[in-house]
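Trainee: I would like to go through this chain with you. Let us start once it is on screen.

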Amino acid sequence: MSSRDLAAIAFAELRRESQDIYNRIHSIAEDAEFVKQVHQHFRDLPLLPNMRCGAWYVDPDIVGGWLFLH
């Protein structure tokens with residue numbers, strides 16, 4: 001088996017792992033924590049999550065409004 005074949009197999013496995021439900025949820029949780037930390041440093045700025053792709057990262061109690069961007 002060539003090194004190119006081994007690399008293709010390794011990349012396929014990484015792609016499969018990244019699509020695992022645990023990894024997806026873990027990634028969302030980490031992103032949500034990041035949003036919280038940024039909000040704590042910039043409390044004077046409104047937090048305006050995009051309803052199409054970012055609302056699940058934000059605690060509704062700290063939202064300053066909602067956006068719907070295409």
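Trainee: What share of the contacts with a separation of 6 or more comes from residues 24 or more positions apart?

Mentor: Contact means heavy atoms within 4.5 Å. Take the contacts in the protein chain with a separation of 6 or more. Residues 24 or more positions apart account for 13%.

Trainee: What should I know about the model and its numbering?

Mentor: This is a predicted model, where local features need pLDDT of at least 70, side-chain atom pairs count only at pLDDT 80 or more, and totals for chains, interfaces and linings use all residues. Residues are numbered from 1 along each chain as its sequence is written, and side-chain values use heavy atoms, with hydrogens and water left out.

Trainee: What is the radius of gyration of the protein chain?

Mentor: The value is taken over C-alpha atoms, and the globule rule is 2.2 Å times the number of residues to the power 0.38. The C-alpha trace spans about 60 × 25 × 20 Å along its principal axes. A compact globule of 70 residues would come near 11 Å, but the protein chain has 18 Å.

Trainee: Is Arg43 buried or exposed?

Mentor: Arg43 sits in the segment after helix H2 (21-41). Helices (H or I, at least four residues) are DSSP runs, numbered from the N terminus. Buried means under 20% relative accessible area, exposed over 50%, partly exposed in between (1.4 Å probe, protein chains only). Arg43 has 55% relative accessibility, so Arg43 counts as exposed.

Trainee: How many Å separate the C-alpha atoms of Arg43 and Ile62?

Mentor: Along the chain, Arg43 and Ile62 are 19 residues apart. Their C-alpha atoms are separated by 9.4 Å.

Note on methods
Helices (H or I, at least four residues) and strands (E, at least two) are DSSP runs, numbered from the N terminus.
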